[in-house]
Amino acid sequence: MPNVASETQTAERFAVCLAKTTGQSHTISRGPNPPDFLMEPKTWLEVSDIYLSNEQAKFLNSPKQKSFSFQGSPDDPALRLLQKLDEKLGKTSYQKIHDERGAGILLLTCQDCFFDQVNLARVHETIASFRPTNDQGFFRIAYFEYRLPADERVYEVIYPSKA
């Protein structure tokens, strides 16, 4: 789990990017959890991190974890992304905030320090055929934030499908 300051920086960075694409500025404040953040104008934001593995998440977020073993398929980040997207779309705990503020925004952030073009290609392949198992309709849009080596952060719409 990211610390509150780190998660807030992620949300604020996203709000700046969103303002550039929509032409409308957004302010961020901590939410009642759920969601993680309230955004003005009236919407809300849920942020969730995606790692290569649970071991990598522990390694990057726990001072006690000194190492982790890099194992797995290039498909793993894409599969973990889809699993998290499906999980968040199906959560009923967003009902109250949805009733108060309407459909929100989901931001899935890639925290995998080894994420590269191969992983991104697998994400694009798998997201094209993604069908949620139990979408509650609480999110109007979901973004995937990632960064390739030596590149700027990218915010890509992954749901709803463009197809």
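In the predicted model, helix H1, formed by residues 4–22, lies across strands S1, S2, S3, S4, S5 and S6, and runs at about 160° to S1. These six strands make up an open sheet with mixed pairing, in the order S1-S2-S3-S4-S5-S6. Strand S1 (27–30) and strand S6 stand at the edges of the sheet, where each has a single partner strand, so that one side of each is left without a neighbour in the sheet. On average, and with direction ignored, neighbouring strands of this sheet are turned by 30° against each other.

Strand S2, which comprises residues 37–40, is joined to S3 by three bridges, and the two strands run antiparallel; within this pairing, methionine 39 stands opposite threonine 43 of S3. Phenylalanine 37 is also located in strand S2, and it counts as buried because its relative accessibility is 0%, where the cut-off for a buried residue is under 20%. When residues up to four places away in sequence are not counted, phenylalanine 37 touches Glu7, Thr8, Ala11, Ile28, Ser29, Arg30, Gly31, Trp44, Leu45 and Val47. The C-alpha atom of phenylalanine 37 is separated by 9.9 Å from that of glutamate 12, a residue 25 positions away along the chain.

Strand S4 pairs in the parallel sense with S3 over six bridges, and leucine 45 has isoleucine 105 of S4 as its bridge partner. The pairing of S4 with S5 is likewise parallel and comprises six bridges, with glycine 104 standing opposite phenylalanine 139 of S5. In a regular strand the side chains alternate between the two faces of the sheet. Together with helix H5 and strand S5, S4 makes a right-handed β-α-β unit.

For helix H3, the 15 residues 76–90 should span 21 Å at 1.5 Å a residue, and this agrees with the 21 Å that separates its end C-alpha atoms. The buried residues of H3 are Pro77, Ala78, Leu81, Leu82, Leu85, Asp86, Lys88 and Leu89. Because these residues cover an arc of only 165° around the axis, they are placed on the same side of H3. The elements against which the buried residues of H3 pack are strand S3 (43–50), strand S4 (104–110), helix H5 (117–128), strand S5 (139–147) and strand S6 (153–159).

Technical notes. Residues are numbered from 1 along each chain as its sequence is written. This is a predicted model: local features need pLDDT of at least 70, side-chain atom pairs count only at pLDDT 80 or more; totals for chains, interfaces and linings use all residues. Side-chain values use heavy atoms; hydrogens and water are left out. Helices (H or I, at least four residues) and strands (E, at least two) are DSSP runs, numbered from the N terminus. The expected span of a helix is 1.5 Å times one less than its number of residues. Buried means under 20% relative accessible area, exposed over 50%, partly exposed in between (1.4 Å probe, protein chains only). The arc is that of the directions from the helix axis to the C-beta atoms. Contact means heavy atoms within 4.5 Å. Two strands pair if DSSP finds at least two bridges between them. Axes are lines fitted to C-alpha atoms, for helices over the stretch in contact, and angles run from 0 to 180 degrees between N-to-C directions. A crossover is right-handed if, with the strands pointing away from the viewer, the path from the first strand over the helix to the second runs clockwise.
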